[in-house]
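Subject: Structure handover

Hello,

Here is the structure we talked about. Please open it beside this email and follow along.

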Amino acid sequence: MPKQVDGEQRRAEIADAVLRLAARDGLPAVSLRAVAAESGLNIGSVRHYFDGQRDLMRFAMRSTIDRVTARLEQRRESLRPFAELTRDEAATQLTDFLAELLPLDAPRRAEATVLVEFLIAARVDTDLADLAHEALRGTLILARRITDAMTRNAHLPPGTADLEAERLAALLDGLTFRCALDPATTSPQVCRDVLRAHLASLPRP
């Protein structure tokens, strides 16, 4: 009897291969043939799930966004309410939480590298613009939810949530870019230290 193949699992394995390939060799290296070799599949198996390079790139980016979102949702369930925390405790908790967005280990570095390459490609490729916008907008939405919650619980002055959300999103994007492209200059520890210093220095009510 032929072995049953889980389509979603196979697509996830192919997406992992796309991420590895793109992180190592750049998006131009992503092709059906290269992904087949990277994933250990024949090219016909890859073609069964994806029409071409664009389809592969979009699925890999979609998978990356969904994976990061799932990790954040999982961590969010264990967060203590701001009302129970001192400012110092809140800064530590938020640093640990937002670190999921930063390239602090090999899997997250691969995701961040692909994200940076994808955003650059989307600048001139309108077919990729929707996912690029979603990724960038998602960071800002998350930052705004955090600053709104901090304002409600007297960790930020009234009227500052919008500006502080923009500052936090810009910092996260900048740290991701620097650490993904040159980890020797901006190390994972530097990323954490800078993020925590920023959160600890937010204006007080």
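His198 counts as buried because its relative accessibility is 12%. Buried means under 20% relative accessible area, exposed means over 50%, and partly exposed lies in between (1.4 Å probe, protein chains only). His198 sits in helix 9 (residues 188–200). Leaving out residues up to four places away in sequence, His198 touches Glu164, Arg167, Leu168 and Leu171. A contact here means heavy atoms within 4.5 Å.

Some ground rules. This is a predicted model, in which local features need pLDDT of at least 70 and side-chain atom pairs count only at pLDDT 80 or more, while totals for chains, interfaces and linings use all residues. Residues are numbered from 1 along each chain as its sequence is written, and side-chain values use heavy atoms, with hydrogens and water left out.

**The whole protein**

The protein has 9 helices and 0 strands. Helices (H or I, at least four residues) and strands (E, at least two) are DSSP runs, numbered from the N terminus. The C-alpha trace spans about 65 × 40 × 30 Å along its principal axes. Of the 205 residues, 42% are buried. Take the contacts between residues at least 6 apart in sequence: 67% of them join residues at least 24 apart. The protein exposes about 11000 Å², and carbon and sulfur atoms supply 53% of that. Such areas come from the Shrake-Rupley method with a 1.4 Å probe; for residues, only the protein chains shown count as cover.

Two packed helices are described by the angle between their axes and the distance between the axes. Axes are lines fitted to C-alpha atoms, for helices over the stretch in contact, and angles run from 0 to 180 degrees between N-to-C directions.

Start with helix 1 (residues 7–25) and helix 2 (residues 32–39): their axes come within 9 Å and cross at roughly 105°. The two helices are therefore roughly perpendicular. Angles of 65 to 115 degrees get that label; under 35 is roughly parallel, over 145 roughly antiparallel, and the rest oblique. On the helix 1 side, the contact includes Ile14, Ala17 and Arg24. Helix 2 brings Ala34, Val35, Glu38 and Ser39. By class, this contact has 6 nonpolar, 1 polar and 3 charged residues. Ala, Val, Leu, Ile, Met, Phe, Trp, Tyr, Cys and Pro count as nonpolar, Asp, Glu, Lys and Arg as charged, and the others, Gly among them, as polar.

Now helix 1 with helix 4. They pack at about 95°, with axes 9 Å apart. That makes helix 1 roughly perpendicular to helix 4. Among the residues in contact are Arg11, Ala12 and Leu19 of helix 1, and Leu56, Phe59 and Arg67 of helix 4. This contact divides into 8 nonpolar, 2 polar and 3 charged residues.

How far does helix 6 reach from its first C-alpha to its last? The 17 residues of helix 6 reach 24 Å, close to the 24 Å expected at 1.5 Å a residue. The expected span is 1.5 Å times one less than the number of residues. Buried residues of helix 6 include Arg108, Glu111 and Phe118. The buried residues pack against helix 1, helix 4, helix 7 and helix 8.

Helix 7 (residues 129–152) has 24 residues and should span 34 Å; its end C-alpha atoms are 34 Å apart, which agrees. Leu131, Ala135 and Met150 are among its buried residues. The buried residues of helix 7 pack against helix 4, helix 5, helix 6 and helix 8. Just after helix 7, Ala154 takes a positive phi of about 65°.

Best wishes
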